[in-house]
Amino acid sequence: MTKYVINGGKPLYGEIDISGAKNAAVAIIPAALMVDGPCRIENLPQISDVTMLLNILKEMGADIRTINKNTMEIDCSGIKTAEATFDMMRKIRASYYLIGAMLGRFGKAKVAMPGGCNFGGVRPIDQHIKGFEAMGAEVELTNGLVNCETNGGLKGASIFLDVVSVGATVNIMLAAALAEGMTVIENAAREPHIVDLANFLNSMGADIRGAGTNVIKVRGVKSLRGGTYAVIPDQIEAGTYMAAVAATGGDVLIKNVIPKHMDCISGKLREMGVTIVENGETLRVIRKSALKRTNVKTLPYPGFPTDMQPQVAVVLCLAKGTSIVTEGVWDNRYKYVDEIAKMGAKIKVEGRVAVIEGVDMLTGAPVTAPDLRAGAAMVIAGLCAEGTTEIEGVHYIERGYEAIIEKLRGVGADIKSVYVPDEQENESRDVG
Ligand code: EPZ
């Protein structure tokens with residue numbers, strides 16, 4: 001087991017380079033399955049979700065070459081199967097994008113039900129299925145498998161999503177790219193990674209218009225050709241480091257961002273008294289004075305992202321007064337609250353609302369990350385807390401943050417990753 005050990009209470013100074021966006025990369029990698037010939041993908045973050053998806057494609061017969069640590073060449077021409085039922089599929093949410101990609105390429109798909117961060121309940125895929133069915137697929141869910149069949153391929157259709165879903169928008173867009181005729185997705189998600197996927201597919205020869213608005217029109221094409229594409233910078237990784245500076249105080253230049261994507265986060269941090277200076281592809285984040293209270297409601301893009309809710313909640317723990325956070329996307333995304341309470345945070349949760357009473361300081365404690373962004377929030381709490389914080393469950397954090405230890409050490413944080421043999425290993429060593 002690996003844990004992070006943080007000696008907190010130090011302001012952060014320096015520069016942090018932002019990596020490619022996880023949620024764009026995990027949509028683009030499955031999309032490569034539909035491309036004839038090699039596609040070179042640049043600015044891929046080195047995170048375990050990416051590695052897992054590449055391994056899934058490899059198992060299926062893809063030829064994957066490492067060009068450098070953030071560039072891969074993926075050639076899926078050799079994949080002959082529309083089946084991916086391996087155990088590793090269950091570990092990663094985005095593996096369900098293979099359904100859309102396989103349906104597009106083969107007209108059928110058999111995939112293990114996806115895993116990923118659990119926000120306290122089942123993460124439904126009814127809107128994905130509704131889309132596939134509208135396009136002519138027969139979908140069956142049995143024994144943890146999703147099995148889709150069509151009669152000779154998909155046909156374009158009009159689909160109105162009942163909820164704004166990133167996953168359903170991506171999956172339907174993938175399936176529609178190679179379907180016959182026009183697909184219209186209404187009430188579509190507008191996140192930057194949706195636009196990035198559309199740009200990737202268009203650069204390979206697809207015909208997708210309207211990505212970034214709530215109506216996306218996909219005119220199916222016969223085939224997609226190989227090419228080179230660079231993934232956009234990660235909005236949530238950038239936001240996480242901005243929140244870290246807000247919490248600890250200091251002055252950090254966040255490099256390689258698209259400032260427009262950061263508006264919803266920058267605006268909230270400014271309300272809290274943080275100075276943010278935009279210059280080209282950088283944001284300078286300065287926090288010298290006390291933090292002010294505010295309210296936050298998470299919403300689909302361009303609203304405040306749910307994937308930043310735990311991180312900003314930790315910042316609000318240190319603001320003077322009472323702040324209210326309302327989670328507008330997930331039913332239960334407050335599993336981190338009990339852990340942060342061990343560090344002295346005062347948060348009361350009632351359904352989707354958290355009431356945060358600001359405290360003067362947090363104190364270090366042993367805590368466990370229950371999911372990716374909650375883990376990032378614990379890192380932030382540890383960085384600003386007095387004393388030592390030990391975080392377990394860091395494999396969640398490593399699903400989504402490239403080189404988090406190195407990046408934070410680069411701006412003066414006292415954080416290290418420590419390998420601790422677990423009891424079973426100890427026992428087997430003792431026996432030996
Ligand atoms: C994506 O998950 C992200 N994951 C999540 O980020 C993010 O929290 C979420 O979008 C919302 O922004 C990836 O991109 C891989 P949704 P996704 O479908 O696609 C309901 C992170 O930390 N819904 O937009 O699974 C659902 O229950 C991760 O990086 C249905 O009811 O989310 C939720 O309330 C975690 N039926 C809401 O819609 C469906 O068929 C939004 O979910 C699908 C979703």
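At roughly what angle do the axes of helix α5 and helix α6 cross?

1. Before the answer, some ground rules. This is a predicted model, where local features need pLDDT of at least 70, side-chain atom pairs count only at pLDDT 80 or more, and totals for chains, interfaces and linings use all residues. Residues are numbered from 1 along each chain as its sequence is written, and side-chain values use heavy atoms, with hydrogens and water left out.

2. Now the helices (DSSP runs of H or I, at least four residues, numbered from the N terminus). The axes of α5 (residues 166–177) and α6 (residues 192–203) cross at roughly 10° and come within 10 Å. Axes here are lines fitted to C-alpha atoms over the stretch in contact, with angles from 0 to 180 degrees between N-to-C directions. The two helices are therefore roughly parallel, a label for angles under 35 degrees.

3. Who touches whom? On the α5 side you'll find Val166, Thr169, Val170, Met173 and Leu174, which meet His193, Ile194, Leu197, Ala198 and Leu201 of α6; contact means heavy atoms within 4.5 Å.

4. On to the ligand. It has 24 residues around it, and Ser165, Val166, Asp307, Val329 and Arg373 come nearest (near means a heavy atom within 4 Å). Helices α1 (22–31), α4 (126–134), α5 and α11 (372–384) each supply at least two residues of this shell.

5. Check the polar contacts too (N or O pairs within 3.5 Å). A polar backbone atom of Val329 sits 2.6 Å from a ligand oxygen.

Technical notes: Parallel < 35°, antiparallel > 145°, perpendicular 65-115°, else oblique. Polar contact = N/O pair within 3.5 Å; in protein donor to acceptor, adjacent residues only side chain to side chain.
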